[in-house]
Amino acid sequence: MSFNIYRDFVLRCRVKMKQESMGKINNYCQKTKLQLDYVKVKSTGPSHDPEFKVVVKIDNVEYGSGSAKSKKEAKELAAKKTWEMIEQEVSKLYDVCISFRTGQNSAIKSSRKLAANSSHARNKEEEKKMSDLCKSLPNIYKDTREENEYTVDERFLKDYKNIEPIGEGGFGNVFKATAKTDEMIYAIKRVELKEKVKREVQELARLEHKYIVRYYCSWEGLDYMTYTRSRQKSETKIPCLFIQIEFCEQGTLKNWIENNRLKQKYNEMALKKFLQILKGVNYIHSKGLIHRDLKPQNIFISHDGKIKIGDFGLVTSMACESLTENQGTKLYMAPEQFCDNYGKEVDIYALGLICFEILSALVSHHEKNVVWHNVREGKFPEGFTEQFKTQASIIRRMLSKDASKRPCAFEIFEHLKRAAADNSLKAQ
């Protein structure tokens, strides 16, 4: 396509996406002073039941057509197809411009080669036009995508709709979004692109378990980051990594405790949830990985009530020669995690605290602050020990300061499962 056609397509995309197709095209033609015509090509069928065909022409260039039982509907269909054609061409043009910038597009290279016989000045002029067009394209291209106050990343806006924030942490922002292709809701995690964050994607991509948040895909882009502490956006767009993962409709384990703590069979429900967590952690450890940041806020509940362990921002291999000290959430960190020599046992320590928390149904910060220091020392409230004698003993082992004395996830699972079975028999 010639430069003039490229320019025409770009101009047509200055109209906002929120308007209907006919409105977009009408506004564009008014602003750019181009002639718009809806031409009735023909009508077919009997006079009492005709069918109309309308073609959109802009400056006598034919675009989309539509056929329907009324002229109005035919015009709307023609306008819709016209706008879709424009969007497709702009997307192609965007790719061409990206290739032009990097000097990798074979078509451009070929055109330059063929133009060798033309005057040097003419070649330079055409190249300058293309360069100017490519420089102006990003802002125009963005106008053809759904606007959103939370992101400006082109692929995010192109492939998803109904984007809204649902969480944030030290490692990035999390959004709920609907994919335009399959109309499914996903969680999209946005993190600043650094070499270490690629580890999360690499490790998460090879994990496949029913109690672990499912990974779908990831991509790199440019966006403004929102920082948790300052609540401020970055001043400029920075390289980001976007990770599409399973969306867990029922929220976090923390929310589940709060919503279910007063139910009659809460203790039984809580134990089942913890057994699922143990299965997920046992799988992670079987893959030679350590989560390093297990806590109720990083454990989710799916639409069917299953546990989903997520937020693998700190996941690391057990084979690492040196592990970063002080990594994790301090409330749930094992004593040795404040140093640089530890293994999968740090996850067991965190599980001990989570087990206490889920069984005792702690919700408020005040409730936790009152007992947390003693719990970390293996000292539980008297009422807890009396109610959960079997669980209390295994939790104390999980919270041992000597990491070598902590049981593995599978051993804990078997112990609690047997205890649950014994209690069930006693109740009969």
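Trp-219 has a relative accessibility of 5% and therefore counts as buried. In this predicted model, Trp-219 belongs to a cluster that ring pairs build from Phe-156, Tyr-160, Phe-175, Trp-219 and Phe-242. The structure as a whole contains 13 aromatic pairs.

**Aromatic cluster**

- Phe-156 and Tyr-160 form an edge-to-face pair, because their ring planes meet at 80°, with 5.5 Å between the ring centres.
- Both members of this pair, Phe-156 and Tyr-160, are buried.
- Trp-219 and Phe-242 form a stacked pair: the planes of their rings are at 5°, and the centres are 5.1 Å apart.
- Because Trp-219 is part of strand E7 (residues 215-223) and Phe-242 is part of strand E8 (residues 238-246), this pair ties together parts that are 23 residues apart in sequence.
- Phe-242 is buried, as its relative accessible area is 0%; for Trp-219, the relative accessibility is 5%, and this residue also counts as buried.
- Phe-175 is likewise one of the residues that ring pairs link into the cluster.

**Lysine side chains over aromatic rings**

- Lys-75 places its charged end over the ring of Tyr-38, at 5.0 Å from the ring centre.
- Lys-368 is positioned over the face of Trp-372, and the distance to the ring centre is 5.2 Å.

**Annotated residue Lys-189**

- In an unreviewed UniProt entry, Lys-189 is listed under "binding site"; such annotations may be inferred rather than shown by experiment.
- Lys-189 is located in strand E6, which covers residues 185-192.
- With a relative accessibility of 7%, Lys-189 falls under the 20% limit and so counts as buried.

- Asn-260 is found in helix H8, which covers residues 253-260.
- The relative accessibility of Asn-260 is 8%, so this residue counts as buried.
- A polar contact of 2.8 Å joins the side chain of Asn-260 to the side chain of Lys-263.
- When residues up to four places away in sequence are not counted, Asn-260 touches Tyr-266 and Met-269.

How values were computed. Residues are numbered from 1 along each chain as its sequence is written. This is a predicted model: local features need pLDDT of at least 70, side-chain atom pairs count only at pLDDT 80 or more; totals for chains, interfaces and linings use all residues. Side-chain values use heavy atoms; hydrogens and water are left out. Helices (H or I, at least four residues) and strands (E, at least two) are DSSP runs, numbered from the N terminus. Buried means under 20% relative accessible area, exposed over 50%, partly exposed in between (1.4 Å probe, protein chains only). Rings of Phe, Tyr and Trp (its six-membered ring) pair if their centres lie within 6.5 Å; planes under 30 degrees apart count as stacked, over 60 as edge-to-face and the rest as tilted. A charge sits over a ring if NZ of Lys or CZ of Arg is within 6 Å of the ring centre and within 35 degrees of the ring normal. A polar contact is a pair of N or O atoms within 3.5 Å; within protein, one must be able to donate a hydrogen and the other to accept it, and residues adjacent in sequence count only if both atoms are side-chain atoms. Contact means heavy atoms within 4.5 Å.
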